[in-house]
Amino acid sequence: MKKNLLKDAQAVLNAYKKMETYQIQQEVLDNLVDKFPDHKNKAAVEVKVKLLNLLYSTNVRATNNMMKHILEIKDIDKRLKNGDKTLVPEIANIKISDKTYNFYSFATKYCAYHQSDKFPIYDNIVANVLTALYADKNKKEFEKKLREYDFYVQVYDTFMKEYGLAGHFKYREVDNYIWGAYKIAGVDFEIEKLAPIDKRKIIEVEI
């Protein structure tokens, strides 16, 4: 095992819990999904898509199209429950006005909010950290490959195991740890020393 980040993660998560904006954001989405966990109610799916897109700034164009696209996916509730990773690219890839889009980050977040212990979230901060820790020479190629969800989960799981997080935290907590470490100003956490990121490039997202 490489450097153990368990204490570092605990320190960040304790600080993260005090970030009220983000706590409320997660609570709102969690409560919505808890109330409407399946895909039987069209209006509920529409609200889930629109709210997730708004709060996480996932830049989904035409959220109504995305809602219809998700409702057309066969056995989606069963596949979410089973942690079927092929759901991510299936949700992500959508055709709008004869043009195909890949809303990868949105798809991981949508799956994660329905099954947080089975789908890790993809975002640029986490991708940058994993690239800094595991890419050899060609960082651009590695970053590109992280957009293949099976590979992303494999690297994510490796990170959790090698740095002492597996068995202590679930995907959602690890995501909050990585994301929170780079959002909390003025504190130099261990993960920041291992995988430095230019904080000026991190855009603050508010509700």
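A: The search finds one cavity of 30 Å³ or more. On a 1 Å grid over the protein atoms alone, a cavity is a set of points where a 1.4 Å probe fits but cannot get out, and lining residues have an atom within 4 Å of a point. This is a predicted model, in which local features need pLDDT of at least 70 and side-chain atom pairs count only at pLDDT 80 or more, while totals for chains, interfaces and linings use all residues. Residues are numbered from 1 along each chain as its sequence is written, and side-chain values use heavy atoms, with hydrogens and water left out.

The largest cavity has a volume of about 40 Å³, a volume being the space filled by probe spheres set on the grid points, which are joined across faces, edges and corners. Its lining consists of Leu 29, Val 33, Lys 48, Leu 52, Tyr 110, Tyr 113 and His 114. At least two of the lining residues come from each of α2 (20-35), α3 (42-56) and α7 (104-114); helices here are DSSP runs (H or I, at least four residues), numbered from the N terminus. The largest share, three residues, belongs to α7. By class, the lining has five nonpolar residues, one polar and one charged (Ala, Val, Leu, Ile, Met, Phe, Trp, Tyr, Cys and Pro count as nonpolar, Asp, Glu, Lys and Arg as charged, and the others, Gly among them, as polar).

Two of these helices, α2 and α3, pack at an angle of about 170 degrees with their axes 11 Å apart. Axes are lines fitted to C-alpha atoms, for helices over the stretch in contact, and angles run from 0 to 180 degrees between N-to-C directions. The angle makes α2 roughly antiparallel to α3, a term for angles over 145 degrees. In this contact (heavy atoms within 4.5 Å), α2 contributes residues including Leu 29 and Val 33, and α3 contributes residues including Lys 48 and Leu 52. The contact residues divide into nine nonpolar, two polar and one charged.

The second largest pocket has a volume of about 210 Å³. A pocket is an open set of grid points with protein on both sides within 12 Å along at least five of seven lines. Among its 13 lining residues, Val 33, Pro 37, Tyr 113, His 114 and Gln 115 lie nearest its centre. Elements giving two or more residues to this lining are α2, α5 (76-81) and α7.

Notes:
Angles under 35 degrees count as roughly parallel, over 145 as roughly antiparallel, 65 to 115 as roughly perpendicular and the rest as oblique.
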